[in-house]
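This report goes through helix packing, a salt bridge and some backbone features of one protein model. Please keep the sequence and the 3D view at hand while reading.

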Amino acid sequence: MLHVSWWKTVLIWFAVLLSVLLAVPNLLGDQQLSSFPAWFAQRKVGLGLDLQGGSHIMLKIERGDVVRNRLETVVGDISARLRTVNISYSGLTGTGQKIQLRINDPAQVQAAVNALKPITSGKAEATLSQGDNGALTIDITDAGINERVSASMTRSLNVIRNRIAQLGVGEPMIRRQGADRVIIQVPGLADPQRLKNLLNQPAQLSFRLVDQSMQVQDAINGRPPAGSEVLFSDDDPPVGYLVQKQPLLSNIDFADAVAVSNTQNNDGNISVKLTAEATSRFAQATAANLGKNVVVVLDDQVISAAALKTAITTGDIDIPGDFTAQGAQDLAVMLKSGPLPATLTTVEERTIKPGLGNETMRSGITACIAAGIFVAALMIGFYGLLGVAATIALVINIIMVLAIMGLFGITLTLPGIAAIVLVIGIALDANVLIYERVREEEKKTHLLVDALRHGFNRAAATVADANLTVLIVAAILFYVSSGAVRGFAATLITGVFTTFFTACFVTRSLVDAWISHRKPRVLLAGVRSGIFDGANIRFMGIRRYSFTVSAALSVATLLAFATIGMHLGIDFTGGSIIEVRAKQGVVDPANIQSRLQNVVPGDVQVERLDDRLSAVIRVHAQQGGENAEQSAVTLVRDELGKDYDFSRVEVVGPAVSGEISTKASLAVLAALAAILVYIWLRFEWQFAVGAIVATLHDVILTLGLFVLTGMEFNMTGIAALLTIVGYSLNDTVVVYDRMRENLRRYSQMPLPILIDASINQTLSRTVLTSATTLLALLALSMFGGEVIRSFTFVLLFGVAVGTFSSIYIAAPVLIVFKLRPDKFQAGGENKGQAGNDVQSGKPAV
């Protein structure tokens with residue numbers, strides 16, 4: 001027996017049964033789930049937009065609008081307070097966050113300062129300083145603006161929720177990100193243009209009197225009267241109006257808004273109902289200003305103008321203007337929801353057509369099943385019934401991953417499916433590590449039960465060390481990423497925990513049950529993993545050649561990186577990627593290219609996909625900021641909309657792309673630093689240096705792959721890079737762990753011979769785990785679809801390079817830095833015999 005206590009067995013299988021229960025909703029349809037309790041139905045894993053289709057939009061509040069609004073408010077407040085206490089002033093102007101004025105009577109300066117204390121005291125949103133000859137300067141502080149931005153974001157979130165709720169677009173996810181951004185995800189929404197129009201527009205509507213005290217052109221050329229400003233219409237050419245700043249009516253006065261559509265000519269108009277107080281006030285204002293002109297202003301633009309012929313007393317007003325039916329409906333929605341306190345600009349957009357998401361989902365599931373079959377066949381072929389136990393544990397592992405994801409609301413994305421495939425490889429890696437250790441222990445004890453007990457116990461620490469390195473890089477990736485890539489990191493983190501549980505506890509429990517039932521005395525005859533038993537390959541004998549070749553390749557890669565560069569994706573450069581599908585026939589890239597060159601500014605690239613029905617359009621970053629990126633996509637839609645369906649749209653503005661670049665660089669540096677610290681603490685500093693050198697080698701060569709092939713390098717590439725780092729360290733840690741164990745036993749053995757012995761002892765494990773991971777990734781490459789193929793190709797390359805570096809880079813570094821074996825001496829071993837065993841080709845264990 002493995003001496004697994006009964007209460008541990010009960011807890012293990014209770015956790016397994018609970019996981020099965022929590023994972024069951026993923027096998028049921030929505031209609032079937034409706035008959036179950038809500039808490040059970042909600043355990044179903046949510047799908048990311050890349051798997052079900054929909055739109056992801058990130059909006060940023062314009063800080064400039066907040067500053068301008070605050071400036072106007074403070075200027076008005078200063079004027080009102082000084083007039084109230086009869087203090088004469090001149091030159092009241094505001095620019096940016098600075099307001100200046102002069103008190104005409106120097107004797108009243110202190111009285112003016114006292115009158116303005118409510119503005120410049122309290123929360124210190126503004127500071128006041130005095131100059132010569134009655135000059136006063138009020139500076140609006142950054143802290144005050146930050147507080148206003150935060151308050152504006154809170155109000156904006158409520159307005160956004162109200163506007164989206166009236167559209168009836170399913171169950172959107174709306175959440176705040178940081179101080180000035182909001183993320184909106186709407187499943188099933190194929191065209192987000194209307195939604196963006198609704199959310200980008202503040203919808204500040206007002207009725208204002210025209211100021212007839214001077215000509216409009218004189219106001220434009222000179223200075224408008226105090227309390228008035230010049231606004232323009234949306235005509236071509238625009239018409240200017242000199243209007244009073246104080247409105248007769250504004251959004252706060254509207255109790256309701258209704259759109260009326262004309263089905264014959266597709267136009268519409270809007271009727272608003274005023275509150276009782278506004279009805280009375282507007283009736284008095286219109287009666288007092290008969291014959292004067294009034295304009296309707298929407299977001300600082302005049303949309304209509306008319307003369308007041310009669311007093312308006314009913315409280316129901318038709319808003320004049322040239323509206324389409326949908327335009328009228330949208331404005332009614334915005335008026336009922338209330339105005340946004342500041343403009344929201346779209347800084348990132350990612351849209352997937354629902355049908356394309358379903359195809360991607362099917363491909364991902366197929367890849368997972370194929371990966372499971374491939375690696376299960378390999379494990380059973382090499383380990384027989386022990387392989388069957390590992391396969392059962394693998395199935396339980398995947399069930400637990402789904403259960404935990406459903407329990408904590410982790411969204412499954414397409415990269416998340418790739419993470420599940422990786423988890424399959426990592427899980428079997430842990431089982432191979434344990435089984436190989438069991439084989440070695442059996443050779444020493446010749447008792448299977450003792451070998452299994454010692455093998456599981458001694459391999460558990462190595463499994464923990466190896467998986468912790470993956471956990472570190474996955475946690476860093478989760479912190480710096482968002483969207484689908486964050487889903488990859490979250491799924492991988494979940495898989496690391498479930499892998500340790502299933503490998504060290506579930507597999508052990510299954511093997512314990514087999515021993516109790518069959519009571520075998522020796523390891524199963526069907527185990528065929530000892531293909532490298534007795535190997536005595538002199539790996540360190542060619543270390544100078546391998547170092548030289550690796551260094552040459554690394555230098556060549558760095559030179560190519562500096563001269564040729566990588567094909568950076570829009571995540572880092574900004575711009576747009578648009579996937580279109582021909583409505584009839586095959587796609588014509590040349591035709592698309594010529595049509596877009598005439599309408600879209602800047603460089604446009606068109607690439608036809610393998611199915612010949614679709615093409616990817618890349619629009620380089622536009623000059624003009626966030627709005628210019630959205631305008632470019634609108635131009636593409638207008639030009640190609642009649643002939644092509646839009647399957648996928650990704651737009652990244654300069655603000656987001658700059659942040660992604662910074663975060664990606666920090667992620668790689670943080671991963672290397674965390675690895676250095678962890679390996680140093682667990683081993684010695686020479687091991688830490690060796691791990692870093694090997695990791696840098698893997699990173700550089702992987703970047704070289706991007707340079708050589710011209711593949712697009714985006715945030716998914718960062719995910720692949722960090723995953724390779726984690727996998728390479730997984731392999732390196734296992735080899736280092738065996739070296740440390742041998743260093744404790746054979747402190748007098750020459751270091752190159754000891755390293756060779758350690759690598760030879762773990763060679764079967766290295767080959768088998770690399771094979772299982774490569775098979776899993778091969779299945780993902782074959783069946784995962786076009787979208788994830790390049791990601792998988794990079795991982796395949798990285799696994800091969802990582803396996804090489806753990807042997808030929810990480811190990812020789814210990815020799816270069818003169819690792820001292822005596823630091824690990826445990827004593828009590830026959831050093832001479834051990835040395836003879838290694839040199840004769842026998843495993844030194």
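The model is predicted, so local features are given only at pLDDT of at least 70 and side-chain atom pairs only at pLDDT 80 or more, while totals for chains, interfaces and linings use all residues. Residues are numbered from 1 along each chain as its sequence is written, and side-chain values use heavy atoms, with hydrogens and water left out.

**Helix pairs**

Helices (H or I, at least four residues) and strands (E, at least two) are DSSP runs numbered from the N terminus. Two packed helices are described by the angle between their axes and the distance between the axes. The axes here are lines fitted to C-alpha atoms, for helices over the stretch in contact, and the angles run from 0 to 180 degrees between N-to-C directions.

| Helix pair | Axis distance | Angle |
|---|---|---|
| α20 (residues 589-597) and α21 (residues 626-640) | within 10 Å | roughly 125° |
| α15 (residues 414-445) and α17 (residues 483-518) | within 8 Å | roughly 25° |
| α8 (residues 142-165) and α9 (residues 193-200) | 10 Å | about 145° |

Angles under 35 degrees count as roughly parallel, over 145 as roughly antiparallel, 65 to 115 as roughly perpendicular and the rest as oblique. With axes crossing at roughly 125°, α20 is therefore oblique to α21. The crossing of these two helices is right-handed, a term used if the near helix is turned clockwise from the far one by less than a right angle, anticlockwise being left-handed. On α20 the contact (heavy atoms within 4.5 Å) involves Ile592, Arg595 and Leu596, and on α21 Val636, Glu639 and Leu640. By class, the contact of α20 with α21 has four nonpolar, no polar and two charged residues. In this scheme Ala, Val, Leu, Ile, Met, Phe, Trp, Tyr, Cys and Pro are nonpolar, Asp, Glu, Lys and Arg are charged, and the others, Gly among them, are polar.

For α15 and α17, the crossing angle is roughly 25°, which means that α15 is roughly parallel to α17. Their crossing is right-handed. The contact of α15 with α17 contains 15 nonpolar, seven polar and no charged residues.

α8 and α9 pack at about 145°, again in a right-handed crossing. Ile160, Arg163 and Ile164 of α8 meet Leu195, Leu198 and Leu199 of α9. Five of the residues in this contact are nonpolar, none is polar and one is charged.

Helix α13 (residues 354-383) has 30 residues and spans 43 Å from its first C-alpha to its last. Gly384, with a positive phi near 60°, follows α13.

The structure holds 34 salt bridges, each a side-chain nitrogen of Lys or Arg within 4 Å of a carboxyl oxygen of Asp or Glu. One of them joins Asp77 and Arg81, with the closest N and O atoms 3.0 Å apart. Asp77 and Arg81 are four residues apart in helix α5 (residues 63-84), so about one helical turn separates them.

**Backbone features in loops**

Asn86, a residue other than glycine, has a positive phi, near 55°. Asn86 lies in the loop between α5 and β2 (89-95). Asp236 and Pro237 are joined by a cis peptide bond with omega about 5°, and Pro237 sits in the loop between β9 (228-233) and β10 (240-244).

Definitions and conventions:
Expected span 1.5 Å × (residues − 1).
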